[in-house]
Amino acid sequence: MHILYIHQYFKTPKEPGGTRSYWIAQELIKEGHTVTMLTTSSSISKKIEKLIIDNINVVYLKVPYNQKMSISGRLKSFLSFMIKSTYQSFLVKNVDLVLATSTPLTVGFPALLLKWFKQIPFVFEVRDLWPEVPIQMGGLNNPILQKMAIWFEKTIYKNAKHIVALSPGMADGVLKYVPAKKVSMIPNMAKIDLFWPRTKNLKLTKSLGLREGSFKVVHFGALGLANGAMTIIESAKLANNDPTFEFIFIGGGATEHDLKKECSLNQLKNVHFLGRFPLDKTSEIVNFCDVSVVSFKDLPILYTNSPNKLFDSLSAGKPIIVNSAGWTKAMVEENKCGFYVNPHHPKELVEKIKLLQKDKSLALKLGNKARELAETKYDKSILCKEFVKVINEQSKS
């Protein structure tokens, strides 16, 4: 089949960001399919640029987007990609199936029109339950726009040939509108060949201005409004600049400035914002850290999340501390690879960090459990095959 893959934020392993679509595309190609990826770039000089990247036909549209954009800026970016990708999708020849992956929900628009006007079926991947996420976060307050967005969500789900959700909670959100036979749950993926336990790169530790012997707590990935990372800063305050451990942030986003400002106001010297890195460098940094924190704002809709950083932490063999009272809490507790802490009680995070710092055998045990879970259940080598199986089944039905 020729599959048109629509993903506004497509990234390769050489770029900072999530690479799920890259690995799925690679597995589709292994199965003999042709993949055309329709995505965006802020850095291209032309309005459109076409490249072949690792056998993927990538069509880049010039649509600016970054995590520091305001809500209105993001909406403008979403609508711009929706319009440009719709036009471009109709120019792609001999498409057998469309695979559209959110967020945002607007990526479903070109898929919907291709079905209506060219009878090309589409599979829709739900990475977040839009529009419920922006509604609960206060980014979509207009009642009329809310109704329109919910109608659009239902329309996409009902017209999709199949839907892939990234967590049980997301699947439940979809099942309100479509029958169970139409929905598969395939979570985010661990990458055991890219994140793995190994000798710590002490030279890199030093070059980044970090202390060699400290107990390092890492949060890596987006620092957006949904991540609620200020609770980690509140915990850092309670630590009173204890020199025996450091808080490390990799990545960036809309709240980064406020987080840095809070650290400056409180003269926190054991909190470091290192910026964004490609996958290989991120892996090196995570490897020399001792525990991974996965943080989200305390909203019911965010309990359904399936964060990349969690699965990469599993691969890296790190004890994991989550503060979202949903699927991720159940995962780390049931598999004994980490802890849940209440985001409203910053002292709990400090207590868990100190426990792991003091009890090295416990930290090692939790880390080993995390790696085992990545290897046996969540690695991309397992889940990409499961995803492609779903795609192949659509071509037969």
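The structure is a predicted model, in which local features need pLDDT of at least 70 and side-chain atom pairs count only at pLDDT 80 or more, while totals for chains, interfaces and linings use all residues. Residues are numbered from 1 along each chain as its sequence is written, and side-chain values use heavy atoms, with hydrogens and water left out.

Let us start with the rings. Rings of Phe, Tyr and Trp (for Trp, its six-membered ring) are taken as a pair if their centres lie within 6.5 Å, and the pair is called stacked when the planes are under 30 degrees apart, edge-to-face when they are over 60, and tilted for the rest. By this rule the count comes to 10 aromatic pairs. In one of them, the ring centres of F245 and F247 are 5.8 Å apart and the planes stand at 80 degrees, so this pair is edge-to-face. To say how far a residue is covered, we use relative accessible area: buried means under 20%, exposed means over 50%, and partly exposed lies in between (1.4 Å probe, protein chains only). F245 has a relative accessibility of 0% and therefore counts as buried, and F247, at 1%, counts as buried too.

Another edge-to-face pair is formed by F311 and Y378, with 5.2 Å from centre to centre and 70 degrees between the planes. Helices (H or I, at least four residues) and strands (E, at least two) are DSSP runs, numbered from the N terminus. Elsewhere, F124, Y157 and Y177 form one aromatic cluster.

A ring can also have a charge over its face, which is counted here if NZ of Lys or CZ of Arg is within 6 Å of the ring centre and within 35 degrees of the ring normal. K329 lies over the face of Y340, at 5.2 Å from the ring centre, and K380 lies over the face of W23, at 4.2 Å from the ring centre.

Why might two charged side chains pair? Side chains of opposite charge can do so when their charged atoms come close. A salt bridge is a side-chain nitrogen of Lys or Arg within 4 Å of a carboxyl oxygen of Asp or Glu, and by this rule the count comes to 13 salt bridges. One of them joins E27 and K30, whose closest N and O atoms are 3.9 Å apart. E27 and K30 are three residues apart in helix α1 (residues 20–30), and so they are separated by about one helical turn. E27 is buried at 9% relative accessibility, whereas K30 is exposed at 66%.

The side chains of E284 and R198 also meet in a salt bridge (3.9 Å, N to O). E284 is in helix α10 (residues 279–287) and R198 is in the loop between β8 (183–185) and α7 (202–207), so this pair ties together parts that are 86 residues apart in sequence. E284 is partly exposed at 24%, and R198 is partly exposed with a relative accessible area of 24%.

Helix α14 holds both E375 and R371, four residues apart, or about one turn of the helix. They form a salt bridge in which the closest N and O atoms are 3.0 Å apart. Finally, R20, E125 and R127 are linked in a network of salt bridges.
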